[in-house]
Amino acid sequence: MPALELIEDRAAPVSFYPTSLASRPTSATLAFKAPDGTTKESPTVTVASVGAAGSAGVSSVTSQVVVVVDNATGFTPGSPVWLETADGWAGPVLVDEVESTTITLESAPPGTLTDAATFYGLGLSASVSAASTGTREKWYRLEWTITSSDSTVAVIREIAHVVRTQFADPVNATEVKRYVAANWPGLAAGKTAGWFRVIATRANNRVRTLIQASGDFPDLVGAPSVFVDSGAGLAAVRIELAHQNLVPGDYEVASYVELTTGELLRAVREALANTYVDRGDTDSVVSGDVRQLVIIPAGRT
């Protein structure tokens, strides 16, 4: 997951979903640390709750992705919750849609959904104060210390950058659905909003990762819209769809991913060569902030 971007001199809500845990979280603490390792602050952490009293029971099961719960308080489309089923499985599931007390999941869980299943909250939330984000710098850390229902303790770290401006993602769920509907209209009609949302999130994370891998930081890009114009966002979407065996025509999946990855790398390079990148974080254009794309032809003799 790419680093969080916290605006300089602004208080910021932060949240974390510990989906790697073996048991649901019951309490947590947070240390917000500066790049030099000093703790800037330790804000209070709230563990998300669902239902009327910290959990929500399943009243009826429509399918393995659609259930009716006794109380839908705390369920939010696009956010994970913790599920425990009667056959012994427990783990995170992603909420796709919420309509009254009807909950639609993004995909069926490994365990079997019955009216004996129970949902719990999973998200951790806190607020970092403006005083803690007063220095614009990279590589701050959020260290979450999490106690689970089985009394085990995990310490999980996230990276955060305190920045002047935030990066604007090149694609959203609407753009993903438009592309899928143009190529596989029947499939698009049968997918829910959460499926398109997940594809968009993964594609945007892929673009962010490649920008940083190139030696730049996404928040320092002068005009993030260049990643729309260069086709980087759409290329990343096509890769994520290919990982679900959705490729056009008679392409073989592995070769299509390889081909499209090359297109994505080119699109990212072209985008970075067609805008100002504040590489020194000076808020001014200096030598090296605008670079042209250099293409060196290669061939055999």
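Predicted model: local features only at pLDDT ≥ 70, side-chain atom pairs only at ≥ 80, totals over all residues.

Student: How many aromatic pairs does the structure hold, and why is the pair of Phe32 and Tyr140 called stacked?

Tutor: The structure holds eight aromatic pairs. The ring centres of Phe32 and Tyr140 lie 5.3 Å apart, and rings pair if their centres lie within 6.5 Å. Their planes stand at 5°, and planes under 30 degrees apart count as stacked; therefore the pair is stacked.

Student: Where in the chain do Phe32 and Tyr140 lie?

Tutor: Phe32 belongs to strand 3 (residues 25-33) and Tyr140 to strand 13 (residues 137-148). The two are 108 residues apart, and the pair thus links distant parts of the chain.

Student: Are Phe32 and Tyr140 buried or exposed?

Tutor: Buried means under 20% relative accessible area. Phe32 has 0% relative accessibility, so Phe32 counts as buried. Tyr140 has 2% relative accessibility, so Tyr140 counts as buried as well.

Student: What makes the pair of Tyr179 and Trp184 edge-to-face?

Tutor: The angle between the planes of Tyr179 and Trp184 is 70°, and planes over 60 degrees apart count as edge-to-face. The centre-to-centre value is 6.3 Å, against a limit of 6.5 Å for a pair. Both Tyr179 and Trp184 are buried.

Student: How do you know that Arg24 lies over the face of Tyr120, and which ring has Lys138 over its face?

Tutor: A charge over a ring must be within 6 Å of the ring centre and within 35 degrees of the ring normal. Arg24 is at 3.9 Å from the ring centre of Tyr120 and lies over its face. Lys138 lies over the face of Phe217, at 4.9 Å from the ring centre.

Student: What makes helix 5 mostly covered?

Tutor: Ten of the eleven residues of helix 5 (residues 232-242) are buried, among them Val237, Arg238, Ile239 and Glu240. The buried residues pack against helix 1 (173-183), helix 3, helix 4 (226-229) and helix 6.

Student: How do helix 3 and helix 6 pack, and which residues make the contact?

Tutor: Helix 3 (residues 193-213) and helix 6 (residues 253-272) pack at about 60°, with axes 10 Å apart. Their crossing is right-handed. Helix 3 contributes Arg206, Val207, Leu210 and Ile211, and helix 6 contributes Leu264, Leu265, Val268 and Leu272. By class, this contact has seven nonpolar, no polar and one charged residues.

Conventions: Residues numbered from 1 in each chain as written. Heavy atoms only, no water. Axes fitted to C-alpha atoms, helices over the stretch in contact; angles between N-to-C directions. Helix = DSSP H or I, 4+ residues; strand = E, 2+ residues; numbered from the N terminus. Left-handed = near helix turned anticlockwise from the far one by under 90°. Contact = heavy atoms within 4.5 Å. Nonpolar A, V, L, I, M, F, W, Y, C, P; charged D, E, K, R; others polar. Buried < 20%, exposed > 50% of the residue type's maximum accessible area, 1.4 Å probe, protein only. Phe/Tyr/Trp six-rings, centres within 6.5 Å; stacked < 30°, edge-to-face > 60°.
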